[in-house]
Amino acid sequence: MSTAPPPTGAATVASPARADASSVGTSPVVEVRNLRKTYPGPRGSDARKVAVEDVSLTVAPGEIFGILGPNGAGKTTTVECLAGLREADGGVIRVLGVDPQADPAAVRDAVGVQLQEAALHEKITVEEALRLFASFYEAPSDVEELLDLLDLAEHRRVAFGKLSGGQKQRLSIALALVGNPRVAVLDELTTGLDPAARRATWELVERVRDRGVTILLVTHFMEEAERLCDRLVIIDGGRVVAQGTPAELIDSVDTSRTVRLRVPPADHDLALHTLAGLADVEHVEVDGREIEVTGTRRVLLAVVLALAEQEVVPDDVRTVTRTLEDVFVAVTGRTYDHAADSAAPHEGGAR
Amino acid sequence: MTAATTTLTRVPTARSGWRGFGTLLRTETRLFLRDGTAVFFALVFPTVLLVGVGLAIPGMREPITGAGAPWDGLTAIATYVPIVLAAAVATPALTTMPVTFATAREKGLLRRLSTTPMRPQGVVVAHLLINLGAIAVSAALALVVGQVVFGLAAPVSPLTVVLAFVLTVLSMLSLGMVVAAVAAKGSTASAIGNLVYFPMLFLSGMWTPGPIMPDVVRDIGQFSPLGAAAQAMSAGWFETEVPTLQLVVMAAWTAVLLPLAVRLFRWS
Ligand SMILES: Nc1ncnc2c1ncn2[C@@H]1O[C@H](COP(=O)(O)OP(=O)(O)OP(=O)(O)O)[C@@H](O)[C@H]1O
Ligand SMILES: [Mg+2]
């Protein structure tokens with residue numbers, strides 16, 4: 001095995017989570033450094049389309065590692081390169097110590113993959129598909145056990161074409177696991193599922209991890225990443241823009257809090273005046289009768305106390321929670337420098 | 001680099017890419033048999049064609065007169081047999097097989113297999129075997145039923161017939177594989193397949209069998225793979241002369257189309 005050269009130059013995402021990897025005390029299961037991948041451009045043009053500009057990540061044994069990013073960010077391309085399905089233009093990839101680019105056959109037995117866009121024959125039954133895929137591997141999982149694990153036992157004789165979306169996804173996960181892999185790559189496994197099916201699928205992923213499988217989870221749902229992932233990278237425009245644990249990321253992108261309130265019209269000016277002077281308040285905005293106050297984590301407490309002191313009784317007070325979309329946009333929709341500023345204190349992770 | 005400790009200990013052997021091929025072949029065969037329409041056309045259609053034409057068209061069971069050698073004295077339906085055999089080969093090769101591959105490509109099945117230790121080539125081999133089986137069954141069925149219903153002429157030169165049949169299979173599967181290699185979607189494969197299939201059937205003489213084929217169709221047809229196929233089998237069946245030109249034409253088509261299919265084949 002050739003030893004990978006160290007990342008060169010300053011123009012890289014910072015070395016990923018060395019602390020995490022070493023605290024587990026084992027070498028990484030997946031290591032990607034400075035991955036680059038382009039596709040042929042539109043017909044007639046010589047320019048190639050850059051799908052992955054510069055992605056580095058390290059996955060430790062036993063973790064659920066997330067790759068999060070908006071549509072077209074390069075998530076699928078990244079995992080397809082590390083599954084040996086696509087040839088990278090540059091960078092270093094190691095899966096279980098093997099370069100899947102040079103020797104894709106070497107990783108196929110140990111890596112289970114669920115592709116974003118892959119279906120089966122309409123008429124193949126659940127059990128047939130599992131037994132078929134099991135036959136390809138040297139030491140497959142027990143098909144019966146897998147049917148139970150993924151709640152597919154009662155659908156074993158149902159044809160693929162007749163399964164619901166959630167059942168198809170569960171079968172797809174089962175197929176990724178049937179070879180008894182050490183690493184499972186799951187690409188967009190809950191896209192298109194209803195919330196209940198999505199939650200059920202999350203539970204399954206955790207059950208699988210509890211069996212000792214390291215999981216690389218590709219998603220564009222912030223909520224999914226937050227709920228499932230031990231660590232994650234956020235990819236935007238083919239680059240890692242942030243990385244860390246979900247909690248670190250959320251804190252790093254948004255430490256301010258916003259409160260919206262309404263006070264009786266008579267008290268409006270008094271309230272504005274009072275709030276603007278508070279230390280915990282950074283910004284006050286008026287929107288019709290509503291007052292929007294942005295400030296530190298203590299802003300809600302400060303607002304309520306200050307108004308109480310002035311004997312102003314608000315008609316309505318609401319804290320503005322960040323919706324999934326807000327976080328999503330905040331994390332991916334920033335310029336580089338901005339993202340780097342906020343992510344840096346935690347992982348030193350972005351540029 | 002510390003990753004060395006997790007390096008895979010097993011280096012898969014070259015043969016590991018075919019582990020499970022038996023299961024793959026069995027499963028694909030079952031799936032093939034589940035598609036009623038495809039099974040009908042691949043297995044039964046030639047027999048239905050032969051029996052239908054023989055019973056429905058008046059005079060087909062009468063001996064031919066006044067058409068000259070080698071036709072005189074044969075029943076019209078007997079001269080139709082080589083054409084039915086050509087159709088038995090062309091039908092799965094140009095209709096079901098390309099659609100199967102294109103659909104597998106469209107659904108990402110070939111890519112999905114690439115992530116397992118099974119090589120996607122396994123699917124190609126499995127389907128070639130299934131189609132060979134289908135062709136054998138459908139040709140045998142047509143011959144047996146034709147013999148029982150009409151009583152057919154014994155081939156003058158069985159060896160020539162067998163050789164012509166084998167070359168028919170090779171050239172038709174090669175042609176079908178070119179369509180299968182490039183069509184991105186099942187519907188495209190079906191459209192291209194039919195675009196090739198019906199002119200082929202025409203040139204083979206499906207609508208103008210034996211003595212009633214116009215010379216111009218015969219002259220053009222001998223250079224097309226299926227026209228050459230029907231003419232070569234017909235020559236082996238009813239004449240003593242070896243149909244060298246037609247055999248060479250089929251071999252040439254195979255030599256051109258098969259490498260082309262391999263080169264063009266897209267896995268996704
Ligand atoms: N086969 C291909 N040929 C050309 N361009 C491609 C190809 N596959 C992907 N791309 C382009 O590369 C970019 C990254 O695509 P990729 O599929 O990796 O994104 P993604 O993050 O997985 O997106 P999504 O969330 O939609 O699945 C996109 O702009 C896409 O249009
Ligand atoms: Mg994707």
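This is a predicted model: local features need pLDDT of at least 70, side-chain atom pairs count only at pLDDT 80 or more; totals for chains, interfaces and linings use all residues.
How much space lies in the largest pocket?

**Exercise 1.** Determine the volume of the largest pocket and describe its lining.

*Solution.* Begin with the volume: the largest pocket holds about 700 Å³ of space. Next, consider the lining, which comprises 30 residues; those nearest the centre are Asp35(B), Ala38(B), Thr96(B), Val99(B) and Thr100(B). Then assign the lining to elements: H3(B) contributes the most, nine residues. Finally, sort by class, which gives 13 nonpolar, 12 polar and five charged residues.

**Exercise 2.** Describe the second largest pocket and identify what takes up its space.

*Solution.* The volume of this pocket is about 500 Å³. Its lining has 27 residues, with Thr76(A), Thr77(A), Glu80(A), Gln116(A) and Glu117(A) closest to the centre. Two or more lining residues come from each of E2 and H2 of chain A and H3 of chain B. By class, the lining has six nonpolar, 10 polar and 11 charged residues. The second largest pocket is the space taken by ligand 1.

**Exercise 3.** Identify the polar side-chain atoms that lie within 3.5 Å of an oxygen atom of ligand 1, among them one from Lys75(A), and state how far the protein buries the ligand.

*Solution.* Start from the shell of 15 residues around ligand 1; H2(A) supplies the largest share, three residues. Polar side-chain atoms lie 2.7 Å from a ligand oxygen atom in Lys75(A), 2.7 Å in Thr76(A) and 2.5 Å in Thr77(A). Ligand 1 taken alone exposes 630 Å², of which the protein buries 69%.

Definitions and conventions
Residues are numbered from 1 along each chain as its sequence is written. Chains are lettered from A and ligands numbered from 1 in the order in which they are written. Side-chain values use heavy atoms; hydrogens and water are left out. A residue is near a molecule or strand if one of its heavy atoms lies within 4 Å of it. A polar contact is a pair of N or O atoms within 3.5 Å; within protein, one must be able to donate a hydrogen and the other to accept it, and residues adjacent in sequence count only if both atoms are side-chain atoms. Accessible areas come from the Shrake-Rupley method with a 1.4 Å probe; for residues, only the protein chains shown count as cover. On a 1 Å grid over the protein atoms alone, a cavity is a set of points where a 1.4 Å probe fits but cannot get out, and a pocket is an open set with protein on both sides within 12 Å along at least five of seven lines; lining residues have an atom within 4 Å of a point. A molecule sits in a cavity or pocket if more than half of its atoms lie within 2 Å of its grid points. Helices (H or I, at least four residues) and strands (E, at least two) are DSSP runs, numbered from the N terminus. Grid points are joined across faces, edges and corners, and a volume is the space filled by probe spheres set on the points. Ala, Val, Leu, Ile, Met, Phe, Trp, Tyr, Cys and Pro count as nonpolar, Asp, Glu, Lys and Arg as charged, and the others, Gly among them, as polar.
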